[in-house]
2 protein chains.
Amino acid sequence: MERTVEPGSGPILVLGCGLVGASAAAGWTAAGHEVWGHDRRDLAPLVERGWLARRVPIEALAEAAVVVLALPVGGILAALRRLPFRAGQLVTDTGSVKGAVMAAAAALPPGVRFVGGHPMAGEARGGYEAARPDLFRGAAWAVVARSGAGEHGGAESEAVAALARELGATPVPCAAGEHDRVVALTSHLPQLLATAVAAELEGRDEPLAAALIGRGGRAFLRLAGSGYEVWRDILEHNRAEVERALEAVRGRAAQASDALEEDFAAARRLAERLAK
Amino acid sequence: MERTVEPGSGPILVLGCGLVGASAAAGWTAAGHEVWGHDRRDLAPLVERGWLARRVPIEALAEAAVVVLALPVGGILAALRRLPFRAGQLVTDTGSVKGAVMAAAAALPPGVRFVGGHPMAGEARGGYEAARPDLFRGAAWAVVARSGAGEHGGAESEAVAALARELGATPVPCAAGEHDRVVALTSHLPQLLATAVAAELEGRDEPLAAALIGRGGRAFLRLAGSGYEVWRDILEHNRAEVERALEAVRGRAAQASDALEEDFAAARRLAERLAK
């Protein structure tokens, strides 16, 4: 496998060892990297499992070759504003919104090599208890180069793409705006709608609600267990696209039968492409 | 297993041998019943597979002990209005809407024993090609007694419940209005929203849409392949409840963060109950 971050060139520091951070740490450790973790939580279980070489204080930041911000979006933005990254360091993130992150990264000191990232591999339950080394296998990993980094995103984009491939993910190069438009529909609005349908069911207190959910309804509601802590930030920082998507979807759902027939046909075309 | 429709008491006639009808026919045949099928389509493949004893013309209706209307809702309503059911016959259906069906059944001749039914076990793809004898295993099967049929729905409700159990389903006795309110949220609105999100994605022509869908989004969009033929009828005959559900869900999805935090908590409570 082509590597652009050679094991031995310096440690990877994962800031935030929840579901995504701990899973990535496990995979990179297995690929031969030295992986450090930093988190408010006790990381001893991850060190014992061999997923992290060690837990480090934030003062170890300067010693890392690569820094991965695997935090909720608000935490990523705060880290980009406050942490003393050094020139030459490769910094990336795993946040579900890219416009706000790239805007914050634009203010980094010259020489800090930042690339936005977003693995499409969440689970309803966060925390490292749910982590697993194969979380990203077969998943897309959006890779967003800074504007001005060249047509193909430059060497740092390739380095982040290679780190994604080491976890079994498929790097998908894209622009921040394009990413945020698409995931508003493929992830953020589905989350909001699954939450809203489940909350409406709970609020109505229909005794038979749980009994009368079939396989299709259960699939639709799979996201309903997600935690607000993570989604508050995502919905706040992609608010315009999510609201636009919500109004478009409401309009389609409320329309009369002729247009609805066309939408069923269009939806089936997408379903058939997804099934391939 | 307790039986109230004894094999040998007379054949079960399945009207409409698509996904649901053919799957039920296969299961009832395996349970020892003589099962006849009627459909516009050639049913020879189902007879060859041993899922049906034979294909019969509609004139065989009077000879059946049990008639199962496994048609789209519009077809069920037309059958209830037009077919010459005989006194003593047990008639049931598998339609996804119960209010309109029970209203049509109220006009049946005296002595025809009608019970509404709805197995919660659809798949995106219809047709007997997708049918399987275990389609209903573990699924709920709503059983709706006619008003005036007694507190527990009477002997005919128990007969339909027993037929559901023979397929591995769990009968769920309920009233028509209760059923239609609940499935508007657990099935009909999820279908409409999955279709609308997928159609919006197709309509925007975002090249990366299919690449940037994670597991959660794929689950949400599982219903997007469903066919309009079946859903047109469902959405038409449960329109008021589906519109009410759509407006409630839109209001929740558009609300500010404090209320949204409560909705995430309520949604998680439902998700936890469903996971049990």
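Predicted model: local features only at pLDDT ≥ 70, side-chain atom pairs only at ≥ 80, totals over all residues.
Two strands are taken to pair if DSSP finds at least two bridges between them. In general, the strands of a sheet pair through backbone hydrogen bonds, either parallel or antiparallel.

The two strands belong to an open sheet of eight strands in chain B, in which the order is E3-E2-E1-E4-E5-E6-E7-E8 and the pairing is mixed.

Chain A contains ten helices and eight strands. Its radius of gyration is 20 Å, close to the 19 Å given by the globule rule for 276 residues, so chain A is as compact as a globular protein of that length. Along the principal axes, the C-alpha atoms of chain A fill a box of roughly 60 × 40 × 35 Å. Of the 276 residues in chain A, 57% are buried. Among the contacts in chain A with a separation of 6 or more, 68% are accounted for by residues 24 or more positions apart.

The contact between the chains takes 76 residues from chain A and 76 residues from chain B. On the side of chain B that touches chain A, two or more residues each come from strand E7 (140-145), H6, H7, helix H8 (228-237), helix H9 (239-253) and helix H10 (257-275) of chain B. The most is given by H6(B), with 23 residues. By residue class, this side of chain B divides into 46 nonpolar, 13 polar and 17 charged residues.

Most residues other than glycine have a negative phi. For A:Asp205, however, phi is positive, near 55°. This residue lies in the loop between helix H6 (176-204) and helix H7 (215-220) of chain A. A:Asp205 has 7 other C-beta atoms within 10 Å and is therefore exposed, the cut-off for an exposed residue being 12 or fewer. In chain B, phi of B:Asp205 is likewise a positive value near 55°. B:Asp205 is located in the loop between helix H6 (176-204) and helix H7 (215-220) of chain B. With 7 other C-beta atoms within 10 Å, B:Asp205 is exposed.

Definitions and conventions. Residues numbered from 1 in each chain as written. Chains lettered and ligands numbered in written order. Helix = DSSP H or I, 4+ residues; strand = E, 2+ residues; numbered from the N terminus. Buried ≥ 20, exposed ≤ 12 C-beta atoms within 10 Å, placed from the backbone. Rg over C-alpha atoms; globule rule 2.2 N^0.38 Å. Contact = placed C-beta atoms within 7 Å. Nonpolar A, V, L, I, M, F, W, Y, C, P; charged D, E, K, R; others polar.
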